[in-house]
Amino acid sequence: MTSSTAAYLCARGVRKAYAAPGGSTVALSGVDVDIERGTFVSIIGPSGCGKSTLLQIIAGLVPASGGEIFLNGRKVEEPPPPVIYVFQQYQRSLFPWKTVQRNVAYGLENRGAYDAAEIERRTRELIRLVKLSGFENHYPWQLSGGMQQRVAIARALVCRPDVLLMDEPFSSVDALTRAGLQELLLQLWRELKFTVVFVTHDVDEAIYLSTRVVALSRAPARVAVDIAIDLPHPRDQIATRELPRYLEYRHRLLAQLFAEEGLESTARAAA
Ligand SMILES: Nc1ncnc2c1ncn2[C@@H]1O[C@H](COP(=O)(O)OP(=O)(O)O)[C@@H](O)[C@H]1O
Ligand SMILES: [Mg+2]
């Protein structure tokens with residue numbers, strides 16, 4: 001496989017079996033995904049189907065049992081520097097003893113490539129982009145959940161990654177805060193032009209944010225549906241969600257998820 005023919009980020013026949021008492025749990029059974037540079041791809045699927053596993057394999061954090069990941073034509077065998085993984089539990093990922101400024105700067109300090117003045121300049125810029133200027137000297141526990149998630153996003157983006165991997169990043173905030181975080185992420189994605197792979201169990205969130213949605217089947221997971229989301233940008237929390245095409249995508253993906261959950265009658269009723 002060469003970089004000229006392959007997509008920027010590819011999963012090829014990715015399998016994963018975890019050792020389990022008395023045997024093994026097969027989480028992924030041959031997943032193929034092609035992600036073009038600069039796109040926003042969401043991965044959805046039933047709880048426990050292997051979404052987090054797939055994201056961690058893409059990140060080079062967990063080894064696959066079979067198959068391969070390629071980034072820019074190169075096989076991923078350890079976490080690649082241009083790829084940043086944002087953990088689901090953002091409260092746990094921030095250092096409670098560091099201020100907002102120091103938490104964001106950490107994203108650069110542990111790379112060792114910048115002097116103090118450059119770290120300070122980039123850190124301030126990212127804090128401004130996530131709209132936390134004025135909170136530089138606060139500690140995470142002095143901030144709301146949504147603000148803490150913005151700190152985590154700033155820390156991820158401060159080193160200007162090419163790829164941002166996010167695992168259900170907005171699942172523990174209220175609906176309005178969530179909408180605000182979605183807008184912020186889309187704005188940053190448009191301005192900074194990174195590639196996003198976003199795991200969510202929320203069909204609406206996936207369609208609203210993405211240029212493409214990949215739905216996995218129940219474990220052992222395969223790709224069940226893979227659709228391009230052709231909705232205009234910038235998106236609008238109210239108008240976009242009322243577009244006929246949005247509702248078509250929603251129908252198709254929900255019917256797939258309901259069928260995976262054994263709720264075919266619900267899916268038929270929705271059809
Ligand atoms: N570290 C692990 N060790 C053993 N089994 C695991 C581990 N991580 C995940 N699993 C199992 O793999 C399957 C997929 O898990 P996961 O990727 O977390 O799914 P999802 O993110 O879609 O909810 C589940 O059956 C889960 O119990
Ligand atoms: Mg998960």
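The model is predicted: local features need pLDDT of at least 70, side-chain atom pairs count only at pLDDT 80 or more, and totals for chains, interfaces and linings use all residues. Residues are numbered from 1 along each chain as its sequence is written, while chains are lettered from A and ligands numbered from 1 in the order in which they are written. Helices (H or I, at least four residues) and strands (E, at least two) are DSSP runs numbered from the N terminus.

**Six-stranded sheet**

- Six strands form an open sheet with mixed pairing, in the order β6-β7-β8-β3-β9-β10; two strands pair if DSSP finds at least two bridges between them.
- At the edges stand β6 (83-86) and β10 (223-228), each of which pairs on one side only.
- Five bridges link strand β7 (residues 163-167) to strand β8 (residues 195-199) in the parallel sense, and L164 has V196 in β8 as its bridge partner.
- β3 pairs with β8 in the parallel sense over four bridges, with V197 in β8 as the bridge partner of V41.
- β3 also runs parallel to β9, joined by four bridges, and I43 stands opposite V214 in β9.

**Burial of β3**

- Five of the five residues of β3 are buried, where buried means that 20 or more other C-beta atoms lie within 10 Å of the residue's own, exposed 12 or fewer, and partly exposed in between, with C-beta atoms placed from the backbone.
- In a regular strand the side chains alternate between the two faces of the sheet.
- Both faces of β3 are covered, with buried F40, S42 and I44 on one side and buried V41 and I43 on the other.

**Four-stranded sheet**

- A second open sheet has four strands in the order β2-β1-β4-β5, with antiparallel pairing.
- β2 and β5 (74-75) each have a single partner strand, so one side of each is left without a neighbour in the sheet.
- Ten bridges join strand β1 (residues 9-20) to β2 in the antiparallel sense, and in β2 the bridge partner of Y18 is T25.

**Helices**

- Helix α1 (residues 51-58) packs on the six-stranded sheet, touching β3 (40-44), β7, β8 and β9 (212-216), at about 150° to the direction of β8; residues are in contact if their C-beta atoms, placed from the backbone, lie within 7 Å.
- α1 also packs on the four-stranded sheet, touching β1, β2 and β4 (66-71), at about 120° to the direction of β1.
- Helix α8 (residues 244-260) lies across β3, β9 and β10, at about 175° to β10.
- Eleven of the 13 residues of α5 are buried, so this helix is largely enclosed by the rest of the structure; among them are M147, R150, I153 and L157.

**Ligand 1**

- Ligand 1 is surrounded by Y18, T25, A27, G45, S47, G48, C49, G50, K51, S52, T53 and A219, a residue being near if its C-beta atom, placed from the backbone, lies within 6 Å.
- β2 (23-35) and α1 are the elements that give two or more residues to this shell, and α1 gives the most, with three.
- The shell has four nonpolar residues, seven polar and one charged, counting Ala, Val, Leu, Ile, Met, Phe, Trp, Tyr, Cys and Pro as nonpolar, Asp, Glu, Lys and Arg as charged, and the others, Gly among them, as polar.

Methods. Two residues are in contact if their C-beta atoms, placed from the backbone, lie within 7 Å. Axes are lines fitted to C-alpha atoms, for helices over the stretch in contact, and angles run from 0 to 180 degrees between N-to-C directions.
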